[in-house]
Amino acid sequence: MHFTPTTFENKEWGYGDADPKSFNPSDFNAEQIILAAKAGGLKGIVFVAKHHDGFALWPTKTTEYNISKSPFRDGKGDMVKEVADAARKHGLKFGVYCSPWDRNNAKYGTPEYLAIYREQLKELYTNYGPLFMSWHDGANGGDGYYGGAKEKRSIDNTTYYQWDSTWTNLTRKLQPTANIFSDIGWDVRWVGNEDGEAAETSWATLTPVPSERTECRSSGTGKCR
């Protein structure tokens, strides 16, 4: 499930420049959604807590670009909690998706952003009960708003996020039962296409290839890759 200001702008991926005030799904009913999922045979829900546009659907302390700045529930909403509570009430497992790419954050592409992203994961890992999955999308870097700097920022996805350290020191310690999904594993990895179809036998491990590097300049941050 994916609800962001982008949803109300008829865009699949937002640039991180949408006004939080545009986010107000007044008829949102988490329990209705969960019951429909259960009726369809689903055993678990992975909720998109933050997509590439950077808008957080919980009142995070890491960025002002979050649900508390929207009219939803009079600025007191927490959509992650609503879905998590509804899922557990009706016997579905709950997981979270938190995009590492953030097209709104001014620090994206710099070392400082990694601490911000890890703090977001820590909030999600400690405030919403046990998770069956921690989903980290493979989309990394490109055009964005980046705190007002409308530019393209590319990173080396094989090194920038320091996944081994993040997953060892955060995920495994705070959510030991969560399966880790990303384009490089550890537990579950992208099959290689958006259809979810793999070859009849697919035993090969994946050695990620760095994305093509692009240098850019952003105010106060110097060069980013």
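**Group meeting: charges and polar contacts in a predicted model**

Glutamate 112 has a relative accessible area of 45%, so it counts as partly exposed; that term covers the range between buried, under 20%, and exposed, over 50%, with a 1.4 Å probe and protein chains only. This is a predicted model, in which local features need pLDDT of at least 70 and side-chain atom pairs count only at pLDDT 80 or more, while totals for chains, interfaces and linings use all residues. Residues are numbered from 1 along each chain as its sequence is written, and side-chain values use heavy atoms, with hydrogens and water left out.

Back to glutamate 112. This residue sits in helix H3, residues 111-127; helices (H or I, at least four residues) and strands (E, at least two) are DSSP runs numbered from the N terminus. Its side chain makes a polar contact of 2.9 Å with the side chain of threonine 110. By polar contact I mean a pair of N or O atoms within 3.5 Å; within protein, one must be able to donate a hydrogen and the other to accept it, and residues adjacent in sequence count only if both atoms are side-chain atoms.

The side chains of serine 134 and tyrosine 125 are joined at 2.7 Å. Serine 134 counts as buried because its relative accessibility is 1%.

Now the overall layout. The protein has 4 helices and 9 strands, in the order α-β-α-β-α-β-β-β-α-β-β-β-β from the N terminus. Of its 225 residues, 46% count as buried.

Next, salt bridges, meaning a side-chain nitrogen of Lys or Arg within 4 Å of a carboxyl oxygen of Asp or Glu. There are 7 in the whole structure. One of them pairs arginine 172 with aspartate 187, at 2.8 Å from N to O. This pair links distant parts of the chain, 15 residues apart: arginine 172 lies in helix H4 (residues 163-174), and aspartate 187 in the loop between strands E6 (179-182) and E7. Arginine 172 is partly exposed at 29% relative accessibility, and aspartate 187 is partly exposed at 36%.

Which residue forms a salt bridge with arginine 153? The partner is glutamate 151, with the closest N and O atoms 2.6 Å apart. Both arginine 153 and glutamate 151 are buried.

Arginine 73 and glutamate 82 also meet in a salt bridge, at 2.9 Å from N to O. Here arginine 73 is partly exposed at 34% relative accessibility, and glutamate 82 is partly exposed at 23%.
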